[in-house]
Amino acid sequence: MARGLLLSGAALAALVVAALPAHADPAFDNPPPDKIVIKVATVNGSGCPQGTAAVAVSEDNTAFTVTYSDYLAQVGGTSDPTAFRKNCQLNLIVHVPQGFTYAIASADYRGFAWLQPGASAIQRASYYFQGSPQTAFRSHPFSGPLNDNWQATDSTDWAQLVWAPCGVQRNFNINTELRVNAGSSSPDKVSFMTMDSTDGDISTVYHMAWKECPGKS
């Protein structure tokens, strides 16, 4: 994935470049020809301390990636009692060419998990436009024992996509969360889950769908 625009703003976590899902609608394959500019308005959360995130937009305007460097949830051993849950809310300003609107068609997440027998974890995300009552939620559970890379994909059917309102600037919000539960595992042993770059060049990819606004000449 080419990174035509790079903006660091604060911490986000692991992403992986993956192919677009197979959708029949041609809008997935016909993004607007002009450049799309994505800026980080705010980044808040225990999983993304300031200065640990970067956003990049693909050259073909079909996707953007977010890379995290300090996104880790853990329990057990000498872990801080509040470390079992980490979250990051990303507020993006997305400037798109006039006459077009966009929606997030899918998101690919990746990281690493070390879960003791009896422990469990969950990765979840929510997506919504500022001022919109529509929020999409997705969750992915994991169970121990686990000592491996993990990957999760959130996909949305074309008919259920939440589109940015035409002719109005609305910031796009992505709120992600990692949660690790000790369960029946030994309290002396650590379980953790990351969404960061400790496993190499890891990043989260958000794939865009496109369509023309009504009345576009």
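Guide: What follows goes through the sheet and then the core. The model is a predicted one.

Start with the sheet. Five strands make up an open sheet, in the order β2-β6-β11-β8-β9, and their pairing is antiparallel. The edges are taken by β2 (37-44) and β9 (136-143); each has a single partner strand, so one side of each is left without a neighbour in the sheet. On average, neighbouring strands of this sheet are turned by 15° against each other, direction ignored. In general, strands of a sheet pair through backbone hydrogen bonds, either parallel or antiparallel.

One pair can be followed in detail. Strand β8 (residues 120-129) runs antiparallel to strand β11 (residues 172-181), and ten bridges join them. Arginine 124 stands opposite glutamate 177 in β11.

Now the core. The largest nonpolar core has 40 residues, and those with the most contacts inside it are Ile38, Phe64, Tyr109, Trp150, Ile174 and Tyr206. Strand β7 gives the most to this core, with six residues. A second, separate core has five residues, among them Ala103, Leu161, Trp163 and Ala209.

Phenylalanine 64 shows what such contacts look like. Leaving out residues up to four places away in sequence, phenylalanine 64 touches several residues, including Ile38, Val55, Leu92, Ile104, Ile174 and Tyr206.

Strand β7 (residues 100-115) also holds arginine 110. Arginine 110 has 21% relative accessibility, so it counts as partly exposed. Its C-alpha lies 6.4 Å from that of alanine 152, although arginine 110 and alanine 152 are 42 residues apart in sequence.

Key
Residues numbered from 1 in each chain as written. Predicted model: local features only at pLDDT ≥ 70, side-chain atom pairs only at ≥ 80, totals over all residues. Heavy atoms only, no water. Pairing = 2+ DSSP bridges. Helix = DSSP H or I, 4+ residues; strand = E, 2+ residues; numbered from the N terminus. Axes fitted to C-alpha atoms, helices over the stretch in contact; angles between N-to-C directions. Buried < 20%, exposed > 50% of the residue type's maximum accessible area, 1.4 Å probe, protein only. Core = buried A, V, L, I, M, F, W, Y, C linked by side-chain atoms within 4.5 Å. Contact = heavy atoms within 4.5 Å.
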